[in-house]
Amino acid sequence: MSMRRQVSVWALGLTAAFLLTSCGKPKPSLYDTSLPVMEVMDHLIDPGAWAFWRASGEVTEEAGTKSLTPTTEEGWLAAENGAVAVAEGGNLMLLPGRVRDEEWIRLAKKLTQDGLEAKAAAEAKDSDRMFVAGAEMYKTCKACHAKYVPALQPGAEPVGAPLPDWPEDVKQKQDQFLEGKK
Ligand code: HEC
């Protein structure tokens, strides 16, 4: 056996040994994704989004229209905290085992973008920008649920807790809009 050949046989053996050991012992995952997506939604993304929505737009009550724009530093901070939970929540949907397909990836990334824009709007204390950011975020929630939550597929029977309805201020704007059309 030539020297060169001997070396390559040896290298082949080493590669095989490496492959065997790396197959036998799977590398422990960097992530612990034992919480189901439902739990991440209910305890992180949903409260985050609501903290933000509660701080943007306005509500119309009997006494008149009331702005939801925060009036205290804590109020602004709560909105910003919520936006960050949404932004990072998008990343959590991309952890191994959670990704479903290309569309899922697109929507999860969109959620992160929406959360970042929401954070920037709250940081700038710009209530108009917050309202737009909140609406954009809401569209992303709805788009993903329409596609991936089986209970929301056409013809499905509703199961479990209902998904969040439109934020109150958005709903009122829609009602006003519809009233105006009559
Ligand atoms: C990338 C896709 C995706 C995005 C974006 C997304 N969700 Fe979800 N959401 C899901 C899936 C999937 C479920 C259902 C999980 C299950 O059934 O196991 C769910 C479930 C929920 C639930 C639980 C409903 C219940 O029956 O308890 C809430 C609340 C929720 N999402 C809120 C939100 C909010 C608020 C947003 C936007 C800020 C959002 N989600 C964005 C995929 C998404």
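Q: What makes V132 partly exposed in this predicted model?
A: V132 has 15 other C-beta atoms within 10 Å. A residue needs 20 or more to be buried and 12 or fewer to be exposed. V132, with 15, lies in between, so partly exposed is the label.

Q: Where is V132 found, and how far apart are the C-alpha atoms of V132 and A121?
A: V132 is part of helix α5.

Q: Why are α4 and α5 called roughly antiparallel?
A: Look at the angle: the axes of helix α4 (residues 102-123) and helix α5 (residues 127-148) cross at roughly 160°. Angles over 145 degrees count as roughly antiparallel, and therefore α4 and α5 get that name. Their axes come within 9 Å, and the crossing is left-handed.

Q: Which residues of α4 and α5 meet?
A: On the α4 side they include W104, L107, L111 and A118, while M130, A133, M137 and C144 are among them on the α5 side. What counts as meeting here is a pair of C-beta atoms within 7 Å.

Q: Which residues are closest to the ligand, and how many surround it?
A: There are 25 residues around the ligand, and the closest are M38, M41, A49, C141 and C144.

Q: Which elements give two or more residues to the shell around the ligand, and which gives the most?
A: They are α2 (37-53), α4 and α5. The most comes from α2, with 7 residues. By class, the shell has 20 nonpolar, 3 polar and 2 charged residues.

Q: What does the protein chain look like overall?
A: The chain has 6 helices and 2 strands, running α-α-β-β-α-α-α-α from the N terminus. Buried residues make up 22% of its 182 residues. Among contacts between residues at least 6 apart in sequence, 64% join residues at least 24 apart.

Key
Residues are numbered from 1 along each chain as its sequence is written. This is a predicted model: local features need pLDDT of at least 70, side-chain atom pairs count only at pLDDT 80 or more; totals for chains, interfaces and linings use all residues. Helices (H or I, at least four residues) and strands (E, at least two) are DSSP runs, numbered from the N terminus. Two residues are in contact if their C-beta atoms, placed from the backbone, lie within 7 Å. Axes are lines fitted to C-alpha atoms, for helices over the stretch in contact, and angles run from 0 to 180 degrees between N-to-C directions. Angles under 35 degrees count as roughly parallel, over 145 as roughly antiparallel, 65 to 115 as roughly perpendicular and the rest as oblique. A crossing is left-handed if the near helix is turned anticlockwise from the far one by less than a right angle, and right-handed if clockwise. A residue is near a molecule or strand if its C-beta atom, placed from the backbone, lies within 6 Å of it. Ala, Val, Leu, Ile, Met, Phe, Trp, Tyr, Cys and Pro count as nonpolar, Asp, Glu, Lys and Arg as charged, and the others, Gly among them, as polar.
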